[in-house]
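Work through these exercises with the sequence and the 3D view side by side. Try each task before you read its solution.

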Amino acid sequence: LDLATRICADCVELTGKIQHPFGDVTSQLTRAALSIPLNITEGAGRTGRARKNHYAIAYGSARETTTALEILVRTRRLESEQVNETLDMLDQVRAILWTLINANDSRR
């Protein structure tokens with residue numbers, strides 16, 4: 001959860017000055033980044049399929065966040081050096097979520 005929260009804060013900071021025509025991308029990036037910690041938190045309070053569903057949504061949002069950051073780098077709105085740490089944290093979060101999604105839940 002701490003990593004996911006840091007990712008969200010990083011994305012807001014990174015995209016704060018990007019304007020048209022990439023405003024839609026930064027808006028989507030912010031929503032996706034925010035979805036990661038919120039779904040992790042909600043999933044932690046659930047059991048069974050509901051828990052895994054929230055973790056799966058967070059996983060998908062982490063992938064979406066990664067792609068949006070990569071688009072902003074490829075279009076030269078951000079420098080790769082600016083996003084490398086955030087991309088590394090996203091890799092870690094995805095790995096953790098993948099494990100949680102595929103773990104046996106004994107609290108069904």
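Start with Thr 86, which is found in helix H4. Keep in mind that this is a predicted model.

**Exercise 1. Is Thr 86 buried or exposed, and which residues does Thr 86 touch beyond its neighbours up to four places away in sequence?**

Step 1. Take the accessibility. Thr 86 has 2% relative accessibility.

Step 2. Apply the cut-off. Buried means under 20%, so Thr 86 counts as buried.

Step 3. List the contacts. Leaving out residues up to four places away in sequence, Thr 86 touches Ile 7, Asp 10, Cys 11, Leu 14 and Leu 69.

Step 4. Look at another residue, Glu 42. Thr 86 and Glu 42 are 44 residues apart in sequence. From C-alpha to C-alpha, they are 23 Å apart in space.

**Exercise 2. Describe how H1 and H4 pack, and name the residues that meet.**

Step 1. Read the geometry. The axes of H1 and H4 are 10 Å apart, at an angle of about 150°.

Step 2. Classify the angle. Over 145 degrees counts as roughly antiparallel, which makes H1 roughly antiparallel to H4.

Step 3. H1 passes H4 in a left-handed crossing.

Step 4. Name the partners. H1 brings Leu 3, Ala 4, Arg 6, Ile 7, Asp 10, Cys 11 and Leu 14. On the H4 side they meet Gln 82, Val 83, Glu 85, Thr 86, Met 89, Leu 90, Gln 92 and Val 93.

**Exercise 3. Where does Thr 65 lie, and what is Thr 65 in contact with?**

Step 1. Thr 65 lies in helix H3.

Step 2. Thr 65 has a relative accessible area of 0%, so it is buried.

Step 3. List the contacts, leaving aside neighbours within four places in sequence. Thr 65 is in contact with Ile 7, Cys 11, Leu 29, Ala 32, Ala 33, Ile 36 and Leu 90.

**Exercise 4. How many residues does the largest nonpolar core have, and which elements give two or more residues to it?**

Step 1. Count. The largest nonpolar core has 27 residues.

Step 2. Pick out the residues with the most contacts inside this core. They are Ile 7, Ile 36, Leu 69, Leu 78, Leu 90 and Leu 97.

Step 3. Name the elements. Helices H1 (2-15), H2 (23-44), H3 (48-74) and H4 (80-102) each give two or more residues to the core.

Step 4. Zoom in on Leu 78. Not counting residues up to four places away in sequence, Leu 78 touches Leu 14, Ile 18, Leu 69, Leu 72, Val 73 and Val 83.

Step 5. In soluble globular proteins, nonpolar side chains tend to be buried together.

**Exercise 5. Which residues form the aromatic pair, and what are its distance and angle?**

Step 1. Count. The structure holds 1 aromatic pair.

Step 2. Name the partners. Tyr 59 and Trp 98 form the pair. The ring centres are 5.6 Å apart, with 45° between the planes.

Step 3. Classify. The pair is tilted.

Step 4. Tyr 59 is in helix H3 and Trp 98 is in helix H4, 39 residues apart. The pair thus links distant parts of the chain.

Step 5. Tyr 59 is buried at 19%. Trp 98 counts as partly exposed at 49%.

**Exercise 6. What is the phi of Arg 76, and where is Arg 76 placed?**

Step 1. Read phi. Arg 76 has a positive phi of about 60°, although it is not a glycine.

Step 2. Arg 76 is in the loop between H3 and H4.

Step 3. Arg 76 has 74% relative accessibility, so it counts as exposed.

Terms used:
Residues numbered from 1 in each chain as written. Predicted model: local features only at pLDDT ≥ 70, side-chain atom pairs only at ≥ 80, totals over all residues. Heavy atoms only, no water. Core = buried A, V, L, I, M, F, W, Y, C linked by side-chain atoms within 4.5 Å. Buried < 20%, exposed > 50% of the residue type's maximum accessible area, 1.4 Å probe, protein only. Helix = DSSP H or I, 4+ residues; strand = E, 2+ residues; numbered from the N terminus. Contact = heavy atoms within 4.5 Å. Phe/Tyr/Trp six-rings, centres within 6.5 Å; stacked < 30°, edge-to-face > 60°. Axes fitted to C-alpha atoms, helices over the stretch in contact; angles between N-to-C directions. Parallel < 35°, antiparallel > 145°, perpendicular 65-115°, else oblique. Left-handed = near helix turned anticlockwise from the far one by under 90°.
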